[in-house]
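Dear colleague,

I am passing on the structure we spoke about, and below it you will find my notes on what turned up. Please read them with the structure open beside you.

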Amino acid sequence: MSIQEQYRKRAAELLASGEVKIIIGYGAGSTPDRRRALFIRSADDASLLHVDAACDANLSGYLVSEGLLSDRKKVGIFLRPEGIRSVNILAAESQLDPLQIVIIGFNVENGSLAALQGSGVNDFSSLISTLKESRSTPEEQALIEKIEGMTPEERFAFWQAEFSKCIKCYACRQVCPMCYCKRCIVDNNQPQWVHTSSHTLGNFEWNLVRAFHLSGRCVECGGCDRACPVNIPLRLINRRMAQEVLDAFDHFSGMSHTQEPVLASFKKDDPETFIL
Amino acid sequence: MAKIGVFICHCGENIGAKIDCTKLVSAMNDHPGVSVSVEYKYFCSDPGQENVKKAIREHNLTGVVVAACSPRMHEATFRKACAEAGLNPYLCEIANIREQCSWVHTDQDMATEKAIEITRSLIEKVKLNNELQPIEVPVTKRALVIGGGIAGIQAALDIANAGQEVVLVEREPSLGGHMAQLSETFPTLDCSQCIMTPRMVEAAQHPKIRLLTYSEVEQVEGFIGNFKVRIRQKSRYVDMKACTGCGDCIQKCPQKKISDEFDCNLGKRPAIYTPFAQAVPNIPVIDKEHCTFFKNGKCKVCQKVCETDAINFEMQDEFLELEIGAIVVATGFQIQNTAMYGEYGYGKYADVITGLQFERLASASGPTAGKIKRPSDGVEPETIVFIQCAGSRDPSKGVKYCSKICCMYTAKHAMLYAHKVHGGKAHVFYMDIRAAGKGYDEFTRRAIEEDEASYLRGRVSKVWKENGKLMVRGVDTLLGKPVEIAADMVVLATAITPQPDAKEFAKVVGIGCDEYGFYNEAHLKLRPVETATAGIFLAGACQSPKDIPDSVSQASACASKVIGLFSRDQLEREPVIAVNNESTCSGCWGCALACPYNAIEKKDILSRSGELIKRVAFINPGLCQGCGTCVTFCRSNSIDLAGFTEKQIFAEVMGL
Ligand SMILES: Cc1cc2nc3c(=O)[nH]c(=O)nc-3n(C[C@H](O)[C@H](O)[C@H](O)COP(=O)(O)OP(=O)(O)OC[C@H]3O[C@@H](n4cnc5c(N)ncnc54)[C@H](O)[C@@H]3O)c2cc1C
Ligand code: SF4
Ligand code: SF4
Ligand code: SF4
Ligand code: SF4
């Protein structure tokens, strides 16, 4: 049986037995090589589910949809390892109860699909620990090194050129499972801290706020990067910030559902190199 | 309509000499919303404040900006003046045009331009200020004193004698600290134990003092008047109520060869012990690490000999949660290990000892019963070399600062040696003699002139062993000649350093410390016993190296601060506190974790039928200290700080 068949069967069983009230998975997309989120409530619809290497979206953001979890019933969800990490963070930030989440885990490695064993967040802890050790792809690494080799002026010019493209569509925010606030700081117009028009200052402000708010929280699912209609390399920012918190605080986001948010917590042995 | 008064202070020459105040006045008069702008030489003076009050009444002002020094200096002064004129004090803002403006700039035009901008930005802020009312909080009238050395004991006694409750916490089995280890004390040479013991007993028996020895403070929460403190009482394995202090157990313990910390490792003690004979309380503890029973599961000799059944090997640590109104930190010091000076041979030669070890040798209750004998073979030394500044004033290997007491105690040691060993010769190598204090210089002169200590100004470069002698090579810089002395013993005046755990403990208590770990006072000159955390005070050598008179004075000063605080039933707190917007809060509780005062709780928002709609953060106004940490953390921008609202700050920034 193919992995897709196995997973369809598992989804059908979960629904049929009443263990979960809904399954959040992937269905056919607008073109044959794209997938989009699919929500099924009946075992009969399990055949509509797709599981393959094209399933790239991190679906965990749907878990915090208003009212979805308030009846305390369980929800099944298809997640890649990054998605499992975001569920951990959502739990750590009190947005959901991990006991309500039944994970149907899978991974895509070098373009091919692999099934993951387990269903509760804790079942994946050792997998997540191994991810902590892995590094970015060679292409990304090359680009990061290139940027880090620049002088501050060159780097500023590089990001200015990139950010000047931003049209403030906030697709990056919409797609991100960590951006669950009902009101984002950029929506506050009393006072208007971040300029809404897409001129360079406002674009800088927005992208810096985004980078900062996601430091230690981004799981590098790549959602924002794929969503950005003007191809700003948001993954580089995400990567860099993830590396910062890893180096400074040994913090790998989404390790467990009890992990303390790195920027809100204080440990006695935190490095204080920034204090002069 | 805003009617703002702008008062520009010359601060004498401080501002007036660098900033064109007349230009500043006219610029402010042109600024929208400003009703009146005037300059004056010293607005903080009485007539200056009168000017402000008069203007408030005459112009019916809705806000005041005083362009002057830092708000830390005179915000309170001007807020009070505003209140006296009938204006809510929180409608007064200070534009600091001194510290970061007139003091630091040389060009008058540019400094004036900057002063204009700074003042304008505060005018824009004050337009958005709201009237605020002070918050009243009750005061728990119970003080916590941490550390039972002379400083802690003195503070506890003074507070208790004023009729207030005190909890005195000491982590060792007995009160006393370092003073209990000393032989005789400069500058009067009275016996340390003799003047100390009555104080220890008084503290232990005082009806207002609750003494907790062998205990440690593990957590401090809350704020002035309302701290919550968690204390661990380490298990002594001896029931304090049952024990009569007879000491039979101590006699019979088969472990006899444990290095005695109180005697600076010059003597030995058993596994069940009191640190010294006059210990308060006179109740032993079992040193679990060395006890035969705890090591091998067999022994319990002490239990067998104890007539009152006081020994309990099952005893566990106990925890206390106490409500406390004020805290005195008196955790003292340690002496620096001098092993970093390989050339002095400390640790290598048994007869190279520290000053504190010398105190034990000279002490009647010490391991040699007060006879000066060298540790290696118990022979009375004929020649002793004392090396001052063995660690102090040495930025490369030791510490930068002067340890303040070593000149004095070295002179004392030379004297004691002369009194105890007739014909003994003391040589003292020193850098400078710092003997400032009542009777101090006379004391060192006496050591030199009457007790014939030979003082050599210079450093020692090497100590080595030759023919049973410790050879000391140094230089006498006054004669410009190298010297070599064959000594029987070498005594090092080691540096006074903070307790080994001082930095971590600062974090537990919530106070600051310097690079070494000495605790920071709020202001070195004007608030030397307060810390930056309201309600926490410092006494003794935990703040900086100190002798007994200084430690005791500071302890009494702390006590007077605490008694002053406890003289009121309610404290007025600044109404500068954070408020959360529940409709935009996403309930992530990052703020709750980030809040250093634990002021944020979870709050359920329920529908009319009682169903949970959402869970949000609630900021307890009694606990919030207005630090603003949560404001900066909140991603949804839901928290605002009264007096520093986002709108105010934005207006202030945009006013620049
Ligand atoms: C060799 C030598 C000779 C000296 N001779 C003289 C002299 O002749 N005359 C003179 O005036 N001064 C002398 N001094 C200085 C004198 O020892 C100090 O001034 C005095 O001991 C300082 O008292 P204190 O209470 O601040 O600190 P300490 O005596 O160090 O007492 C601190 C107490 O706090 C306790 N403690 C520490 N941390 C904690 C914690 N976290 N919780 C609970 N308890 C804690 C410690 O166990 C200790 O009992 C001498 C010092 C030395 C080193
Ligand atoms: S910031 Fe981008 S990569 Fe990171 S978790 Fe959000 S969507 Fe994924
Ligand atoms: S998705 Fe891209 S263009 Fe849109 S707001 Fe984010 S960075 Fe800007
Ligand atoms: S301002 Fe915020 S972080 Fe600071 S004490 Fe108040 S609630 Fe806590
Ligand atoms: S940080 Fe902001 S969003 Fe999160 S709980 Fe606190 S107030 Fe609410």
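Predicted model: local features only at pLDDT ≥ 70, side-chain atom pairs only at ≥ 80, totals over all residues.

A:Cys218 counts as buried, because its relative accessibility is 14%, under the 20% limit.

The shell around ligand 5 includes B:Cys585, B:Cys588, B:Trp589, B:Cys591 and B:Cys634, and its make-up is eight nonpolar, four polar and no charged residues.

Over all chains there is one disulfide, formed by B:Cys191 and B:Cys194, whose sulfur atoms are 2.3 Å apart. The torsion about this S-S bond is about 85°, so the disulfide is right-handed. Of the two partners, B:Cys191 is partly exposed at 26% relative accessible area, whereas B:Cys194 is exposed at 51%. For B:Cys243, the closest cysteine sulfur belongs to B:Cys249 and lies 6.5 Å away, which is too far for a bond; B:Cys243 counts as buried, with 15% relative accessibility.

Lastly, B:Ile485 sits in strand β26 (residues 481–487) of chain B and is buried, its relative accessible area being 10%. Beyond its neighbours within four places in sequence, B:Ile485 is in contact with B:Thr383, B:Val385, B:His427, B:Phe429, B:Leu456, B:Leu470, B:Met471 and B:Val472.

Key: Residues numbered from 1 in each chain as written. Chains lettered and ligands numbered in written order. Heavy atoms only, no water. Helix = DSSP H or I, 4+ residues; strand = E, 2+ residues; numbered from the N terminus. Buried < 20%, exposed > 50% of the residue type's maximum accessible area, 1.4 Å probe, protein only. Contact = heavy atoms within 4.5 Å. Near = heavy atom within 4 Å. Nonpolar A, V, L, I, M, F, W, Y, C, P; charged D, E, K, R; others polar. Disulfide = S-S within 2.5 Å.
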